[in-house]
Amino acid sequence: MPAPPPQPLVRVIDARKDYPLGHRTVHALRGVTLDIASHSFVVMQGPSGSGKTTLLNLIGCIDHPTSGSIIVAGQDTRMLGDTALSRFRARKLGFVFQDFNLIPVLTAMENVEYPLRLNAVPPSEARLRALAMLDAVGLAGEAGQRPSELSGGQCQRVAVARALVTQPELVIADEPTANLDSDTGGKIIEIMRAMCGRQGTTFLISTHDPHVAAHAMRCVHLRDGLITDA
Amino acid sequence: MSTWSLAARNVWRNTRRTTATLLAIALSCAGLMLFGGYISWAHLASEVHAVVLSGHLQIFKRGFQEKGSGNPAGWALSNYDEIKKLLVDDPVTGPKIALVTGLLRVQGIATCADKQTTATFAGFGAFPGELERFLRYNPHHLTEARDIPANKHLFASKPEIDAGDPDGITIGAGIARVLEVRADELEGTARPTLELTALPPAGGLPNMVSATVRQISIRAMEEIDNHLVVMPVQIASELLFPGEPLHVTSVQLLLHDTADLPAVRQRIDELAREHHLDIEQRSGWELNPNHARSLNMIDTFFAFAFCIVAVVLVFTIYNTMMMGIVERTREIGAMRAMGVTRGGIITMFVQEGIVLGLVGGIAGVLLGLAAAWCVNHSMILYTPPFFNVKARLEVVCFKPPGIIIGSFLGCFIVAVIGAFFPARRAGRLEIASALRH
């Protein structure tokens, strides 16, 4: 008897998301169903307003679907309260934002250390792991610099290190190269791809950039809140 | 990197705004300290003045306070020595008492035959030497009104009565004016003579004694100074009880420590019961009720001022924190996405409020101490209500130290309250909308 197929890391089942906008309702997602396997490098594409960010927010457990289910790492996210969801995100997920969203009063090292502190990793171990991760993204020499002293590309590499340092199962990156030039953006994607291979972390990236899509194991296309091609 | 370190760094993100907020907290704290220090001074000065006027405690014949004011000598105690011995020898009251003395109140008419002037007087006979102990009572080392240069000419330079000057009396500045007795007349050998007339308590014709004015002095309150005559107790006794043993209208106590007053009062009640003494007792504060009323009034002012400061400070800190939260909305969203709980966000901003409150409060205490030093070392004079002498503006921050602790804690708690509501709002931000901000 053949072994059952591996459980996908992410299962989105008929997810809908509506936003009230004045007197009318905007249907950001109109019933999306999607499975994402572990260790994959998935790129999500689509025009502005197609629902990419909304879908990432639902999968990243930072927003709730109007209806449907989101199951991440075997956990139905509807079953978790706000605090439990926060802890779940801290343990299982990493985020890379378009605007980096580093904490400006912390150094690169401290920014990378921060998620480890949220997971109650002892300070000495957190420091070692943060330094190793900064080294992995090529920024060990800039560990003591604050974000304001780093270039955009360096900031995004710090953000990638911060997302990966807890060894999450899934990293969600919302347009991570949008604010970078193509060379720098390319390097960021290469780092992410390498980490996917090395750590086995699953990446889910939204982008308009065709060069990013070129690195994808799988591309998901959205339009008007529906998946048109997965 | 601890959460406190993060809070401290966040506080200093916007240096100008933080400095302005810290200044608001520090100035509020310093202002409360100065006002509180002044009120503290008023409480101590009130205690001193009540004791100077009436001692810590006075013992009267029962019913004196209710009925004896019109005929004090009629309510005189004939067993002064017995009461004094009882109090001094008692193992409870004895060690707590610094001095027991007797006063014989006299009221009548004073006539200066040379000037053909007459005035009613209300005075007392006292034991020379012992009276000065009360007049010099100053356990808190406050600036005495008699030591202020502007007042010096108003106070007697010598003791008011002296055992070596048995017919010498001191009269108040107000009655001296009415009797036309001038200070320059007191220097020579021929001092002005006053005829003091008073009705004996048993009735009959008034008694009269002659006395010479050795000094003009004041008790700092006009209604007292207008009628005050201080005389040796023998003169008063001769005036009211000629040929009789010594009587006093009250036995006056000076304690080593005001805090012992309740214990002493309780023991005196017990002694009165045990020895069948028909007496009642009143504290200096009960005999001078205006002191407590004035203090209540300024305490109310302080509470009112504190409320205003608290409201202004809460809104200042609320505003500062809200501006910070609006500026950091995306950052809050990112932190929440990384796994910081709502409680974690609230804690972070409350910690920032605590840092603001701590730094501002400490700066305020230092500023307040510096301002208090300046006030205490500058001779700022004013005339307090109900008094007719100048007082020096003083602030007492260390007695009790609660003034410093209270001002600091007051501002600190207000700062934390001011930070809490914005922090709660930050904690309630929806992550997705915060990231879109």
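Two strands are said to pair if DSSP finds at least two bridges between them. Helices (H or I, at least four residues) and strands (E, at least two) are themselves DSSP runs, numbered from the N terminus.

This is a predicted model, in which local features need pLDDT of at least 70 and side-chain atom pairs count only at pLDDT 80 or more, while totals for chains, interfaces and linings use all residues. Residues are numbered from 1 along each chain as its sequence is written, chains are lettered from A and ligands numbered from 1 in the order in which they are written, and side-chain values use heavy atoms, with hydrogens and water left out.

**The sheet of chain A**

In chain A, four strands form an open sheet with antiparallel pairing, in the order E2-E1-E4-E5. Strand E2 (24-36) and strand E5 (75-76) of chain A are the edge strands, each pairing on one side only. Strand E1 (residues 10-21) and strand E4 (residues 67-72) of chain A run antiparallel and are joined by five bridges. Opposite Arg16(A) stands Ser67(A), in E4(A).

**Two interfaces**

The domain assignment of chain B gives domain 1 (3-47 + 292-436) and domain 2 (63-277); such bounds come from an automatic or database domain assignment. The C-alpha centres of these two domains of chain B lie 50 Å apart. Their contact (heavy atoms within 4.5 Å) takes 16 residues from domain 1 of chain B and 18 residues from domain 2 of chain B. Between the chains, 25 residues of chain A are in contact with 21 residues of chain B.

The table uses three further terms. Buried area is the accessible area (1.4 Å probe) that two parts lose on being put together, summed over both. A salt bridge is a side-chain nitrogen of Lys or Arg within 4 Å of a carboxyl oxygen of Asp or Glu. A polar contact is a pair of N or O atoms within 3.5 Å; within protein, one must be able to donate a hydrogen and the other to accept it, and residues adjacent in sequence count only if both atoms are side-chain atoms.

| Interface | Buried area | Salt bridges | Residue pairs in polar contact (both at pLDDT 80 or more) |
|---|---|---|---|
| Chain A and chain B | about 2,200 Å², 60% on carbon and sulfur atoms | four salt bridges | eight residue pairs |
| Domain 1 of chain B and domain 2 of chain B | about 1,300 Å², 60% from carbon and sulfur atoms | zero salt bridges | eight residue pairs |

On the domain 1 side of the contact within chain B, helix H2 (15-54) and strand E11 (391-392) of chain B each supply at least two residues. H2(B) gives the most to that side, with four residues. By class (Ala, Val, Leu, Ile, Met, Phe, Trp, Tyr, Cys and Pro count as nonpolar, Asp, Glu, Lys and Arg as charged, and the others, Gly among them, as polar), the side of domain 1 of chain B that touches domain 2 of chain B has 10 nonpolar, one polar and five charged residues.

**A salt bridge between the chains**

Over all chains, a search of the whole structure finds 31 salt bridges. Glu110(A) lies in helix H3 of chain A and Arg9(B) in helix H1 (residues 3-11) of chain B, so this pair joins two chains. The side chains of Glu110(A) and Arg9(B) meet at 2.6 Å, N to O. Helix H2 (82-92) and helix H3 (108-118) of chain A each supply at least two residues of the side that touches chain B.
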